[in-house]
Structure formats: structure tokens, C-alpha cells
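Open the model in your viewer and keep the selection tool ready.

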Amino acid sequence: MRKLLRAGFARLWREKVFLLSCGVMLLVGAALPVIHYLDNRTSGEGWTPDATCFIYAILVPILLAPVTALFVGCEYSDGTMRSKLIVGGRRWQIYLANFILSTAAGFVLCAVYLAVHTGLGLLLLGGFTAAPKELLLHAGVIFALTAAFAALFVLIAMLCRNRAYSAAACILLVFALLFAGIRMTSALNEPEYYEGYSYTSGDVTVTEEAERNPHYLKGTKREIFEFLNEFIPGGQALKLANGNAEKPAMLALYDGLILLAATGCGIIVFRKKDLK
């Protein structure tokens, strides 16, 4: 395992897609505090570093998807996967090594954004308004979410020999999960009642009473939507990016379950996979 990880990290630091992704995170992390600082100077908006501190919860999975798919896919196209087996590497070790490498890549992307955004944010926008404990807790859950996404990407990349197909599948998975999160969040935010209003038509004032919203979720259906919105990584990413995760410990537990399920299924299937 040590040799696999040593060789993997040596290759990861030279991976162009990974380095490009780090550059994107650096630019975004630096740009947002500067933009908000200019807004504060010109219009007095009152931006603080908290506003965009956790945006990377959405950005990192989007960038990590092609990084993982292309990094793992190279092992199939270059014949590295068979070479590892020939020299005595066990399949579960190869799988876990790639999961660790993908997770590490995601953590680096998170760290790059956090370092740049926090540094410039404190310099240009002043201190955070949230408590340090809350900030650290949210950041920790985002790292757990990143590991869960990495487990899903490695599952796809290890079972699909074609790099292009696995990259497309990983990217589609991210956006499908994010879209599902947006859809469920929108449904949960529907008001129970439409507010009453009045308007004047000619000399007549018309008053409309408040009425029930037929799209409002209630009962068991609402409970199911709330659970899925917290369990699905896309819903978690949206909550964490907005800094409004109400039960961060539960989100981390869900991430652990996703990680274990994806990794366990991946190892079982990969052990039986015909690598030709």
C-alpha cells in the first residue's frame, strides 16, 4: 500500500488537470473577497468573509470529478493497472490507494480555496461574524462531503476502463446530484400559504384573501424530502455552501455511510472485474 500511495502521490503532483483545478480554486478564492471589497467601497454593501467562505462545497466536487476520472483512467490506458497486479498488488489495495489519492486531491482543493479566501477575506473584509467553532465544524463537514464525492467518483472510474466515459459520467453525476438538491430545496421552501393582497381597478379596490399553496409539502412527504435533501450529497453541498446546515454532525454521518457503501461495493465488483 505504501508503494502504491508513494507512486500515486508522485504522479498526482504532476497531473495537469489537478494543477489546473488548484489554479481555478486559487483564482476563485482570491476573486470573491476582492469583488466584495470593491462592493463595500463603492456601495457600502457590508460584505464579510462569511458570505462566500463555504462556496467551495459546490466547486470542489465539480473540479474533482474530472481529476479523479482522468487520474484513475490513465492506469487503464497506460497498462499501469495490470502492472500493479503483476508485481503483487492486491485489488483491494489498488482500489483503496486510488480512493485515498482522490480524497487527498479533494482536500488539497479545499485547502487552497480556504487559505486564499480566508487570508484575503480577513485582510480586505475584516473578521468573520460566525463563531470559530461553527466555522471549523462547517469546514470539517465539507471535507467529509468531499471524501464521499471522491468515493463515488472512484467507484465510477475504477469500473469504467474508458477515461472519457468515466469523466463524463462523474461530471454528470455531480450535476445530477446538485440539480436534485436544488429541486428538493425549492420544494421545501414553498410557502404554506400565498399572502393576501389588494389592488385597485378603476374605482374598485379588490382584496384577495390568503390561500393555501397546493405545492406545499406536508406530512410524510415533507419528512422524506427533508431526509433526502440532507442525505444526498448535492443537497448537502447547497446547504453547506450557504452556511445554513442545521445538523452538521448528521450530515457527516450520512457522508460516512455513502463513503462506506460506495467503497465497499466498488471493491467487491473490482475484485471480480476482468481487466483483460
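**Cysteines**

A disulfide here means a pair of cysteine sulfur atoms within 2.5 Å, and the structure holds 0 disulfides. Next, select C160, which is in no disulfide either; its nearest cysteine sulfur, that of C170, is 8.6 Å away. Return to C53, which is buried at a relative accessible area of 4% (buried is under 20%, exposed over 50%, partly exposed in between, with a 1.4 Å probe and protein chains only).

This is a predicted model, in which local features need pLDDT of at least 70 and side-chain atom pairs count only at pLDDT 80 or more, while totals for chains, interfaces and linings use all residues. Residues are numbered from 1 along each chain as its sequence is written, and side-chain values use heavy atoms, with hydrogens and water left out.

**Salt bridges**

The whole structure contains 2 salt bridges, each a side-chain nitrogen of Lys or Arg within 4 Å of a carboxyl oxygen of Asp or Glu.

Select R222 and E226, whose closest N and O atoms are 3.5 Å apart in a salt bridge. Both lie in helix α8 (residues 219-231), 4 residues apart, so about one helical turn separates them. Helices are DSSP runs (H or I, at least four residues), numbered from the N terminus. R222 is buried at 18%, whereas E226 is partly exposed at 38%.

Now select E230 and K247, which form a salt bridge at 3.6 Å, N to O. E230 is in helix α8 and K247 in the loop between α9 (233-241) and α10 (248-272), so the pair ties together parts 17 residues apart in sequence. E230 is buried at 11%; K247 is partly exposed at 44%.

How values were computed:
Helices (H or I, at least four residues) and strands (E, at least two) are DSSP runs, numbered from the N terminus.
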